Amino acid sequence: MEEDTAKRETTARQSGQPLAGANRPEAREVVVINVLAKSEQNFAGTKLKALFEACGLEYGDMDIYHRHEQSDTTSPVQFSVASAVEPGTFKPEDMPALSTPGISFFMSMPGPTNSMQAFEFMLETAQCVVRNLGGELKDERRSVMTPQTIEHCRQRIREFERKQRSPRQ
């Protein structure tokens, strides 16, 4: 059994904490990884919910799941996940009946303290879905996600962070 680095222990929610994902800055760049079920198949809501929670994702703002840097929701959001089908939401009460052909992981920048680490956790979590539920990794255009595509995402992140550090003109 391979060690899952994206796994996180769940901690009891402190009262007065914001909803997961509620305190994100406005996105200037978004990196997307889609996980699509094999043709003619769907992902079951209960299996997705269990996997999301095992990977440290928490249901919250916009009726989707978010992973924060720490187990409290005041820390920056690393990435979020939505259903690939409109409206893209996961309402907890609907999860037992939910069946979706795919899910979309997305990381907004600025946002995470360490965007590259957040991307690696997002990729690891998407790969965890593939390992456990089947399906395929796809890019934002829903083309197969190759090692080159993944490297291109890393380049986009490095470029964004470089621009963030350079003085404004």
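Mentor: Take helix α3, residues 147–165, in this predicted model. Its 19 residues reach 27 Å from the first C-alpha to the last. That is close to the 27 Å expected at 1.5 Å a residue.

Now look at burial. T149, I150, C153, R154, R156, I157 and F160 of α3 are buried, each with under 20% relative accessible area. Seen down the axis of α3, the buried residues fall within an arc of 150°, so they line one face of the helix. The face turned away from that buried side carries the exposed residues P147, Q148 and R165.

What covers the buried residues? The cover includes β1 (29–36), β7 (102–109) and α2 (115–133). α3 lies across β1 and β7. Its direction runs at about 160° to β1.

Both strands belong to an open sheet of six strands, in the order β3-β4-β5-β7-β1-β8, with antiparallel pairing. The edges are β3 (58–60) and β8 (136–138). Each has a single partner strand, so one side of each is left without a neighbour in the sheet. Neighbouring strands are turned by 30° against each other on average, direction ignored.

Elsewhere in the sheet, four bridges join β4 (residues 64–68) to β5 (residues 77–83), and the two run antiparallel. There, R67 has F79 of β5 as its bridge partner. α2 packs on this sheet as well, touching β1, β4, β5, β7 and β8. The direction of α2 makes about 175° with that of β7.

Methods. Residues numbered from 1 in each chain as written. Predicted model: local features only at pLDDT ≥ 70, side-chain atom pairs only at ≥ 80, totals over all residues. Heavy atoms only, no water. Expected span 1.5 Å × (residues − 1). Buried < 20%, exposed > 50% of the residue type's maximum accessible area, 1.4 Å probe, protein only. Arc of directions from axis to C-beta. Contact = heavy atoms within 4.5 Å. Pairing = 2+ DSSP bridges. Axes fitted to C-alpha atoms, helices over the stretch in contact; angles between N-to-C directions.
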